Amino acid sequence: MLTFSLTLLPKIISFLFLTAILALYLKRKSLPSVLVRLGIIVALIFFAYLGFVKTLFTYIAWSQDGFSKYLLPPYAPIAYFANYSFFRFWLGFIIAGAMALLIFGFLIFLKKKRPVLLDGEEASLAAFGALISGWPGLIIFFPLILLLMIFQHLFLSLLSSSRVPSLSSLRVPSLSSLRRVPPARGDEAISMSPSPAENVSYERLPLTPLIFIAAFAALFFASYVLNYLGLDVLIPAKSAM
């Protein structure tokens, strides 16, 4: 029961929240801001609780072991156990929280600079995805989003280039249809020419589906991908789970 609560239960809760957010997004065509923010709060509280429970049960297990009890007070300073617990149970949570805060701040900054590029709740969704991906799932989460953005850009570029009209479809006006237009004065010519800022247009970046894909992939397949890449040393040991 304890193994279930420390290993499978976090994934189940994360999956339920992420699925509920996705279902409401598909139904409303917009992100449910209240549920996304509630998911962030629940994730922070729950993973902090997990770190505390793992630390407490490890201390109890060591104190009842004939050898490990000598690594605890009064036989040894508490610094060794504190160092062990921090790197085993808390460091991944801290890294995930820091990265979630970093990506949230970056997307909020980007939205203020270019409001049309991002939805306001995409920053919160990305922060929630980073939290539930955890460490080392973040190694899959963020690169996968970037990779999907590159593929998306290439696909949209190819799609737009395929819509270029052929030369045979272009109509050239006849000479009789052309009218003599008097040349404009200098000030009129300047006012009629568009400014460089008017020529720049920004298109909406559909980032929400990419965050969902990356979050689900990191939640369930991060350990398998890291094992395949030979990065399994980054995965916490089973004793830490």
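**Stop 1: a left-handed crossing**

This is a predicted model. Select helices H2 and H4, and look at how they pass each other. The crossing of H2 and H4 is left-handed. H2 covers residues 33-63. The axes of H2 and H4 are 9 Å apart, at an angle of about 25°. An angle under 35 degrees counts as roughly parallel, so H2 is roughly parallel to H4.

Now show the side chains at this contact. From H2, select Val 36, Arg 37, Gly 39, Ile 40, Ala 43, Leu 44 and Phe 47. They meet Ser 124, Leu 125, Ala 127, Phe 128, Leu 131 and Ile 132 in H4. Colour them by type: the contact of H2 with H4 has 10 nonpolar residues, two polar and one charged.

**Stop 2: the whole protein**

Zoom out and colour by secondary structure. How many helices and how many strands does the protein have? There are seven helices and zero strands. From the N terminus on, the elements run α-α-α-α-α-α-α.

Of the 241 residues, 31% count as buried. Then think about contacts along the chain. Among contacts with a separation of 6 or more, 73% join residues 24 or more positions apart.

**Stop 3: H3 against H4**

H3 spans residues 78-113, and H4 spans residues 122-161. Two packed helices are described by the angle between their axes and the distance between the axes. For H3 and H4, the angle is about 140° and the distance is 8 Å. H3 and H4 are therefore oblique to each other. Their crossing is right-handed.

Which residues of H3 meet H4? Among them are Gly 92, Ile 95, Ala 96, Gly 97, Met 99 and Ala 100. Further along H3, Ile 103, Phe 104, Leu 107 and Ile 108 also take part. On the H4 side, pick out residues including Glu 122, Ala 130, Gly 134, Trp 135, Leu 138 and Phe 142. This contact of H3 with H4 divides into 16 nonpolar residues, four polar and one charged.

**Stop 4: H4 against H7**

The crossing of H4 and H7 is right-handed. The residues of their contact comprise 23 nonpolar, five polar and one charged.

Stay on H7 and select Ser 223, which lies in this helix. At 33% relative accessibility, Ser 223 counts as partly exposed. Ser 223 and Gly 137 are 86 residues apart in sequence, but 7.4 Å apart in space.

**Stop 5: Ser 14**

Go to H1, residues 2-28, and select Ser 14 in that helix. Is Ser 14 buried or exposed? Its relative accessible area is 5%, so Ser 14 is buried. Leaving out residues up to four places away in sequence, Ser 14 touches Phe 47, Ile 132 and Leu 219.

**Stop 6: aromatic rings**

Show the aromatic side chains. The structure holds 14 aromatic pairs. Start with Phe 46 and Phe 47. Their ring centres are 6.0 Å apart and their planes stand at 70°, so the pair is edge-to-face. Both Phe 46 and Phe 47 are buried.

Next, select Tyr 59, Trp 62, Tyr 80, Phe 81, Tyr 84 and Phe 89. These six residues form one aromatic cluster.

**Stop 7: backbone details**

Find Pro 74 in the loop between H2 and H3. The peptide bond from Pro 73 to Pro 74 is cis, with omega near 5°. Another cis peptide bond joins Trp 135 and Pro 136, with omega about 10°. Pro 136 is in helix H4.

End at Lys 29, in the loop between H1 and H2. Lys 29 is not a glycine, yet its phi is positive, about 65°. At 69% relative accessibility, Lys 29 counts as exposed.

Note on methods. Residues numbered from 1 in each chain as written. Predicted model: local features only at pLDDT ≥ 70, side-chain atom pairs only at ≥ 80, totals over all residues. Heavy atoms only, no water. Axes fitted to C-alpha atoms, helices over the stretch in contact; angles between N-to-C directions. Helix = DSSP H or I, 4+ residues; strand = E, 2+ residues; numbered from the N terminus. Parallel < 35°, antiparallel > 145°, perpendicular 65-115°, else oblique. Left-handed = near helix turned anticlockwise from the far one by under 90°. Contact = heavy atoms within 4.5 Å. Nonpolar A, V, L, I, M, F, W, Y, C, P; charged D, E, K, R; others polar. Phe/Tyr/Trp six-rings, centres within 6.5 Å; stacked < 30°, edge-to-face > 60°. Buried < 20%, exposed > 50% of the residue type's maximum accessible area, 1.4 Å probe, protein only.
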